[in-house]
Amino acid sequence: MNLTNYHSHSPYCDGRCNIEEFIVTAIFWGFTSYGVSPHSPIPYTSSCNMLHERVEEYISEMNLLKQKYEGKIELYTGMEIDFFGEEWNTTIEYFRNMPLDYRIASVHFIPNQQGEYFDIDGNAQKFIKLVDTHFGGDIRYVVETYFENMIKMIEIGGYDFIGHPDKISMNASAYTPHITDSTWYKDIVHDYFKFIAKKGVMLEVNTKAYTPHSYLFPNVQHLKYLKKLNIPLVVNSDAHIPSLMKSGYKEAYTLLKEAGYKNTMQLSSGKWVENPF
């Protein structure tokens, strides 16, 4: 198995170490390829997202680092692009014209009942307060809107894979314990994964929350179902500091093997190929 990661953040967005520190760590741990994926610029004010004026600087730095570490590791210039409907997504000209090696499509913001967008990706305490304050305490609306936006995003296309495909599950469970066991929630998620399989979309297995919270995204309970649907997966750590680059990897690969998976996907010479494990 080749160690790879295509979801990581740096100070261009909300990461806490410079890109070269990640690369040096990846080489030390034996990663064969590594991708950087700052949160994209968005049409709203956000402390977590890259500023428009820093995109060119980011791409230039990545080009220099590719030259510097050529022959030691394959480096890829990516971006995690936020979805805000037809007006802001992976397919708009702004992102199509960026010289990126790959694109992650993610939902971090959803509109409330009045059409105002809010970041639902914060910690559990912030999420609970947000739902009560801006969504009228309607957690079912939040969940349904999240997956509706994910489906719209998938339908539009223009990405390589979907980031943390059911991340809402962790915060929703903090708001309403065992919500993911409810029939209506399971129905939404199963229809969502069937839609993904129909579209032939690649999903990320995001390991970021496994060590602190025992959560994978997609949730462990869905892995056998994903295998049944033959949905291809790529394992990423969503690291914001180098020391967490392979956090949860060992457990994730063990769980994938138990679910029947024999390989994940990786970038090799710029193309997505199978990575047996």
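In the predicted model, S237 lies in the loop between β9 (233–236) and α10 (249–258), helices (H or I, at least four residues) and strands (E, at least two) being DSSP runs numbered from the N terminus. S237 is buried, with a relative accessible area of 2% (buried: under 20%, 1.4 Å probe, protein chains only). Residues up to four places away in sequence aside, S237 contacts N5, H7, N206, T207, K208, L244, M245 and Y249, contact meaning heavy atoms within 4.5 Å.

Residues are numbered from 1 along each chain as its sequence is written. Local features need pLDDT of at least 70, side-chain atom pairs count only at pLDDT 80 or more, and totals for chains, interfaces and linings use all residues, while side-chain values use heavy atoms, without hydrogens and water.

Helix α5 (residues 139–156) and helix α7 (residues 183–199) have axes that come within 11 Å and cross at roughly 5 degrees; axes are lines fitted to C-alpha atoms over the stretch in contact, and angles run from 0 to 180 degrees between N-to-C directions. Helix α5 is therefore roughly parallel to α7 (angles under 35 degrees). Residues of α5 in the contact include F147, M150 and I151, and those of α7 include W184, Y185 and I188. This contact of α5 with α7 has 12 nonpolar, no polar and 4 charged residues (nonpolar: Ala, Val, Leu, Ile, Met, Phe, Trp, Tyr, Cys and Pro; charged: Asp, Glu, Lys and Arg; polar: the others, Gly among them).

Helix α1 (residues 19–28) packs with helix α2 (residues 55–68) at about 30 degrees, their axes 11 Å apart, which makes α1 roughly parallel to α2. I19, E20 and I23 of α1 meet Y58, E61, M62, L65 and K68 of α2.

Notes:
Parallel < 35°, antiparallel > 145°, perpendicular 65-115°, else oblique. Buried < 20%, exposed > 50% of the residue type's maximum accessible area, 1.4 Å probe, protein only.
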